[in-house]
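Let's take a walk through a protein together, one step at a time. Keep the picture at hand and follow along as you read.

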Amino acid sequence: MSEDENAIEQTIYEDASFECSACKSVDQYTYADVTSLLSEEPIVCKSCGVSQVIRGEGADELSTKFNKAAKFGKLVFVIAIVFFSVSAVLGLIYGVHVSLGIMGVSMMICYGIFQHQQSEPHETFALCSAAVAGTTTETV
């Protein structure tokens with residue numbers, strides 16, 4: 001695994017917190033842990049070491065939130081590519097000052113989109129014990 005892949009896996013998913021059903025501690029986990037939760041694999045509580053999963057409505061809400069963030073990232077990437085391309089072409093035609101102006105406008109647009117995304121409420125999702133989750137269909 002490369003250093004970049006390792007850094008991505010260790011990055012904390014800051015848009016949500018998770019509450020352990022055993023010790024009631026609230027923690028944030030890495031993107032790799034959240035992906036495990038979404039694929040119904042258990043993660044280990046940082047405080048008490050109990051295996052936890054997410055079920056039911058909480059899993060659906062987390063999946064929606066996670067997928068929305070992924071779509072947001074793709075949108076910003078597309079906007080950046082379009083503005084960079086337009087800036088490069090206009091910079092070649094009209095000069096550097098036009099290119100810098102377009103880059104400034106694109107940065108302001110991306111900043112506005114980013115601020116809108118950051119205004120999303122931070123949610124706390126309840127986890128349930130992996131042993132309990134295997135024997136019942138109710139969310140604890």
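How many helices and how many strands are there in the protein? This is a predicted model, and it has five helices and six strands. Of the 140 residues, 26% count as buried. The accessible surface comes to about 9000 Å², and carbon and sulfur atoms make up 61% of that surface.

Let's begin with strand S1, which covers residues 16-19. Strand S5, residues 123-126, runs parallel to S1, and four bridges join the two. S1 also pairs with strand S2, residues 26-27, this time in the antiparallel sense and over two bridges.

Next comes helix H2, residues 31-38, where Val 34, Ser 36 and Leu 37 are buried. Looking down the axis of H2, you would find its buried residues within an arc of 155°, so they line one face of the helix. A general rule about helices is handy here: an α-helix has 3.6 residues a turn, so residues three or four places apart point the same way. What covers the buried residues of H2? The cover includes S1, strand S3 (43-44), strand S4 (51-53) and helix H3 (56-94). Just after H2, Glu 40 takes a positive phi of about 65°.

Now look for the open sheet of three strands, whose order is S3-S4-S6 with antiparallel pairing. Which strands are at its edges? They are S3 and strand S6 (128-129), each of which pairs on one side only. S4 is joined to S6 by two bridges, and Gln 52 has Ser 129 as its bridge partner in S6.

Let's finish with some side chains and contacts. The charged end of Lys 46 sits over the ring of Tyr 29, at 4.9 Å from the ring's centre. The structure also holds one aromatic pair. As for contacts across the protein, take those with a separation of 6 or more: residues 24 or more positions apart account for 53% of them.

Conventions: Residues are numbered from 1 along each chain as its sequence is written. This is a predicted model: local features need pLDDT of at least 70, side-chain atom pairs count only at pLDDT 80 or more; totals for chains, interfaces and linings use all residues. Side-chain values use heavy atoms; hydrogens and water are left out. Rings of Phe, Tyr and Trp (its six-membered ring) pair if their centres lie within 6.5 Å; planes under 30 degrees apart count as stacked, over 60 as edge-to-face and the rest as tilted. A charge sits over a ring if NZ of Lys or CZ of Arg is within 6 Å of the ring centre and within 35 degrees of the ring normal. Two strands pair if DSSP finds at least two bridges between them. Buried means under 20% relative accessible area, exposed over 50%, partly exposed in between (1.4 Å probe, protein chains only). The arc is that of the directions from the helix axis to the C-beta atoms. Contact means heavy atoms within 4.5 Å. Accessible areas come from the Shrake-Rupley method with a 1.4 Å probe; for residues, only the protein chains shown count as cover.
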